[in-house]
Amino acid sequence: MIVMILMSVIVPILFGLLHTIAGVYLIYTKGNMTALGWNMLGFLTKSVFMLFMTYMGISILELDFRIYVPILSFVWFMSHVAEAFYIT
C-alpha cells in the first residue's frame with residue numbers, strides 16, 4: 001500500500017513540481033516564447049512519464065491496476081490543472 005501511494009501520488013507530484021519550477025524559471029529568464037516551447041516539450045515528457053509510471057506500477061511492481069491507474073491518472077490531471085493556474 002505504501003509503494004502504491006508513493007508511485008501514484010508522491011512521484012507524479014514531484015515530477016510536476018520540477019516541471020513547474022523549470023517553466024517558471026524559463027518564463028522569467030528567457031521569455032514567453034522559450035516557455036511556450038518548454039510547455040510543448042513538457043506535453044511529451046509528461047506523457048512518456050505517465051506511460052513509464054504505468055508500466056513500472058503494473059508490470060514491474062505488480063500493483064493492482066484497478067486502483068493504481070485511476071489514482072495515478074487523477075493526480076497527473078490535477079497536477080496539470082494546478083500547474084496551469086500557477087504559471088498563468
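Author: Let's start with H1 and H3, whose axes come within 9 Å and cross at roughly 20 degrees. Axes here are lines fitted to C-alpha atoms, for helices over the stretch in contact, and angles run from 0 to 180 degrees between N-to-C directions. That angle makes H1 roughly parallel to H3, since angles under 35 degrees count as roughly parallel, over 145 as roughly antiparallel, 65 to 115 as roughly perpendicular and the rest as oblique. On the H1 side, the contact (heavy atoms within 4.5 Å) is made by residues including Met4, Met7, Pro12, Ile13 and Ile27. From H3 come, among them, Ile67, Tyr68, Ile71, Leu72 and Val75.

A word on what you are looking at: this is a predicted model, in which local features need pLDDT of at least 70, side-chain atom pairs count only at pLDDT 80 or more, and totals for chains, interfaces and linings use all residues. Residues are numbered from 1 along each chain as its sequence is written, and side-chain values use heavy atoms, with hydrogens and water left out.

Now step back to the whole chain. It has three helices and zero strands; helices (H or I, at least four residues) and strands (E, at least two) are DSSP runs, numbered from the N terminus. The C-alpha trace spans about 45 × 20 × 15 Å along its principal axes.

H2, residues 32–60, reaches 39 Å from its first C-alpha to its last, close to the 42 Å expected for its 29 residues at 1.5 Å a residue. That expected span is 1.5 Å times one less than the number of residues. Seven names to find in H2 are Ala35, Gly42, Lys46, Phe49, Met50, Met53 and Gly57, which are buried. Buried means under 20% relative accessible area, exposed over 50%, and partly exposed in between, with a 1.4 Å probe and protein chains only. The cover over these buried residues includes H1 and H3.

Phenylalanine 15 lies in H1, residues 2–30, and counts as partly exposed because its relative accessibility is 26%. Leaving aside residues up to four places away in sequence, phenylalanine 15 touches Thr45, Lys46 and Phe49. Phenylalanine 15 also sits 9.6 Å from tryptophan 76, C-alpha to C-alpha, although the two are 61 residues apart in sequence.
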